[in-house]
Structure formats: C-alpha cells, structure tokens
Amino acid sequence: MKLNDLKVDMDYFHIDEKLYQKLNPTPLKNPKLVSFNKKACDLIDLDYGECETQEFLDLLNGVKTLENSQSYSMVYAGHQFGYFVPQLGDGRAINLGKVKSWHLQTKGSGLTKYSRQGDGRAVLRSSIREYIMSEAMHALDIPSTRALAIIDSDTFAHREWEKESCSVVMRMSPSWVRIGTFEFFANTENSKENTTKLADYVIEQNYAHLKDEKNKYEKMFYSLVDKTASMLARWQVYGFMHGVMNTDNFSMAGVTIDYGPFAFMDYFDKNCICNHTDGEGRYSYNNQPYVARWNLSVLANALREICDEDKLLEYLKTFLPQHENVYLELINQRLGLLANKSGNRNLDLILELLGALETSKMDYNVFFHRLTSLKSFNDLSSITNFCVFREPLEKWFDSYRKVCEKEESSFEQRHEIMKIVNPKYIIKNYMLQEAIELAHTGDYSLVNDLFEIAQNPFDEHKKYDRYSNPTPMEFANIKLSCSS
Ligand code: AMP
Ligand code: MG
C-alpha cells in the first residue's frame, strides 16, 4: 500500500479534550533516513519502496500528515521511583493515530503541553537504542512496542555533556495508554466518567473479547496481570532490565514500552542495576517482578471507582505464582530440559546455576548459547574457557548431568529444545554503543547491520561473529543514564 492509502483511525478523541492536546510536530533541520523496518511495514501493509521517498521522511519529520490524521499528545501521571507525580505526559512524543491495530507515534517531535523542562527532543543515541532494542525483544518473543523507522538531523541538543544530533523514531504499539494514564484520570474532576471512558477504550483496543462481559473492567485488570506476569518472566529469563519501571512506563497492553537505560545483562549478577540514577537499585534485575506487581497494585487503586479494588488485589496475588510458572518453563527450555510440571521443575538446579554463573562471572546469554552446542560432559572448555572462575560452573555441571540422566535425554534431544530459545546473538549495550559512535560520524551501516542481527538473532552473521562472544569485561554491566 502507498503511504497516501494508509487508513488512519483517530479513536482517542471521545475522551475529554482536557486530557490530550491536539498539536503539530516541530520539524527537525535537514532530516536524513537512518533506517526503516520492513517487518513493521508488513504490520501496517506499507510498501517498502514508500520508505525511501521524501514523503516518508516528511512524515517522520512531522511535515507531512497522513489523510485523516490529527496529531496529539496524551497526558498521564505516574509513580516515578515510588513517588507520585500528578502530571506527566507525552513530553516529546506525538501520536498520529491508528493504522490497522498499530498506534503510530513519533518520539522526539518537539515540545508539547506536557514537556515540563525538557526540549521535546530525542537524541540519535537514544533513538538508535530504542529502534534496535524493540525489535530485538520482539525477535525473542518478548512482548514489545515495534519501530517503523528512524531519522537523524542537523538539529542539535545538549544532554549530559556533548552536543548531539536530534532524531525521531516512529514507534508502533497496540496501545500507548499507561498505568499512569489511569492514575491521571482517577484524579480528574469527573474521575469516574473519565476512567470509564479510558477503560472502555483500552478494552476496545486490547481486550475486545471482554467488551460484552459482566465485570469487564475487573477482567481487563486480570488479563493485564496475566500478560505482565508472563512478560516479566520473559525479561528475567533473557536477563533484560528495563531500568525505569515507573508506572508511566508500564503499558496497559502488557508490552514493553519506553526504552531508556535498559540492558541485556552481560555477566550474571542478580542485583545488577542498569540505570545509574537508580542508586538504591529499586529497578535492579531481581526486583523487577516485585516492582511490576507493585505497579499493578497502583493500577488497582486507580481503578477503584469502576472496580472492586479488593477483588483486584486478591487477583494480584496470582502474579508471582504465574510469573514463576512461565519463568520455570522457559528457563528449563533454555537448559534443554523437559521438567515435568508436577515435579519440582528443577528449581534447585536453576538456583544453583544462577549462583554458579554469578561466581564464575560468566556471560549470561553466551552461557545458554554455548550450552546449546555442547556435545559431551567430558569437555566443558567451550563454556568454562569463558568464565573468570571455572570451578562453580564445573560443579554445577555435575548436578545438571544427573538431571539429564534422570530425564534420559541425549545431547541431540536437548539441542533441539534449546536451539529455538537460545539465540547466538543478544544485543548488548556495548554493541549499541559501537553503532551509535559510527552513526555520529554519519555512517549508519552498523545501525542497520545490528538491526538485522536483532531481528534474526538465531541466524549466523559471519561478519559479526565476535558479537556472539562474551561482552568484553570493561564494557560489562555498565550503568547508563536516563537520557540513553
Ligand atoms: P521517561 O523517563 O523517558 O519515561 O520520561 C518521563 C517524562 O519526562 C515523560 O512525561 C516524558 O514525556 C518526559 N520527557 C522525557 N524526556 C523529555 C524531553 N527531552 N523533553 C520533554 N519531555 C521529556
Ligand atoms: Mg516514559
């Protein structure tokens, strides 16, 4: 389909006009296409050739408007690091409407009513990170927003220290409503009416099967609890850390949104913190499931006028058991084990592994990839050669071997289970940094190559074989800033 034939739905405007702002984006100077995503084109039925036109560049830059589209920014509130902030909002993101089931949004499109102190811009560094990472997550079956394209420009911004070019990334999500949107609506004058409208909107967009059900708002909450528990399990299984799990960065559609100082953990550290402003580790790796549950309790409170809050909190008690179920199922797969559900699901073995990985200082995801191609217990060097300390992991292999013997599985059988969940490549922050540094010289080739790897992490990428090795220690588990 041509750009001009895309059918755009503007379906947010039945909400009270005080709860969003209709506005136009502020264009960047001299925009340049960095990359576009064919897989995302497929989702909205857009011809690839359209992405190489001036019109497409104009669309990302806010100069061209799609037919029927009226751009707007949404208000929300949120708990940031546990503290309630009564008003936040799309301070640099502008919504263009919905195409098929995807809500298009340009991030970095200039000031809005909700910008507060910010400049409304996204620097190239952070846009590249989001563009690549959201696709990497999707490729690992971790629910995420997607990204259609990214542009660079000759408009500059000053973040921590350097002058950086501004960019725009076109993101797509099944919804941009956040837990924080409900928190804002719950504190408005007509809170019950506004909350009802917002909940009806979310149900229509993301939980359509509940539309005619009794107690549909409660059921919407239950569905989100289920989805979030499963999403968090997937984060944990792959060592993903979001970095800023504020309630305004938590999606009502149960997908990962708002990529900032995230990381796929390099070597295993259960207390790993990837956000350098998170001194106390509120959002550390191990805390993530508990924080997600807490965020959902904030949502339960924001829904109090249209739901029985006690019932919601009662259901929330299923969050951790659900999370654990999915986690154990997946981590067993990553070990090539079948782990019959009625048994102990190898909990002891898994806990022992996490301890061994930590003391061995072994790259977390490289471990699983190497395990996938292990051919014999007599030679563990293809794994232990990558450890700083070998003994803990060697000892763990004694326990692993016993479980494998009990399951009577062969190396080949385990390989078949593992090869579909243990990718050769995981996008690490040091790789993104290399792509960013090159992009700052005007060369976007590594952005595009990493993007290809992110979308196809199980394939061979001979030229980039080095990226399948452990992260060099000097770049491992580095903390990033919020402007990342
Ligand atoms: P974040 O931590 O990125 O989720 O952002 C928190 C809030 O700050 C959101 O309401 C954003 O819209 C806003 N914000 C972040 N960066 C900027 C910026 N450069 N300009 C304006 N608002 C921003
Ligand atoms: Mg945010």
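1. Let me start with helix α16: its buried residues pack against β3 (32-36), α1 (38-44), α3 (124-139) and α15 (429-439). In helix α16 (residues 445-455), the buried set is L446, V447, L450, F451, I453, A454 and Q455. Buried here means under 20% relative accessible area, with exposed over 50% and partly exposed in between (1.4 Å probe, protein chains only). Contact means heavy atoms within 4.5 Å, while helices (H or I, at least four residues) and strands (E, at least two) are DSSP runs numbered from the N terminus.

2. A word on conventions: this is a predicted model, where local features need pLDDT of at least 70 and side-chain atom pairs count only at pLDDT 80 or more, whereas totals for chains, interfaces and linings use all residues. Residues are numbered from 1 along each chain as its sequence is written, chains are lettered from A and ligands numbered from 1 in the order in which they are written, and side-chain values use heavy atoms, leaving out hydrogens and water.

3. On the overall picture, the protein chain has 16 helices and 13 strands. Its radius of gyration is 23 Å, which agrees with the value near 23 Å for a compact globule of 484 residues; this radius is taken over C-alpha atoms, and the globule rule is 2.2 Å times the number of residues to the power 0.38. Buried residues make up 60% of the 484. Of the contacts between residues at least 6 apart in sequence, 72% join residues at least 24 apart.

4. Next, the magnesium ion (ligand 2): its protein donors are N249 (OD1) and D258 (OD), lying 2.1 Å from it. Both N249 and D258 are buried. Donors are N, O and S atoms within 2.8 Å of the metal (3.2 Å for Na, K and Ca), and water is not among the atoms, so sites may look incomplete.

5. Helix α9 (residues 319-334) packs against helix α10 (residues 347-360) at about 70°, with axes 11 Å apart. That makes α9 roughly perpendicular to α10, a label for angles of 65 to 115 degrees (under 35 is roughly parallel, over 145 roughly antiparallel, the rest oblique). Axes are lines fitted to C-alpha atoms, for helices over the stretch in contact, with angles running from 0 to 180 degrees between N-to-C directions. From α9, Y327, L328, I331 and N332 meet L347, I350 and L354 of α10.

6. Finally, V169 sits in strand β11 (residues 163-173) and is buried, with a relative accessible area of 1%. Beyond its neighbours within four places in sequence, V169 contacts Q105, T106, K107, S127, Y131, A147, A149 and I150.
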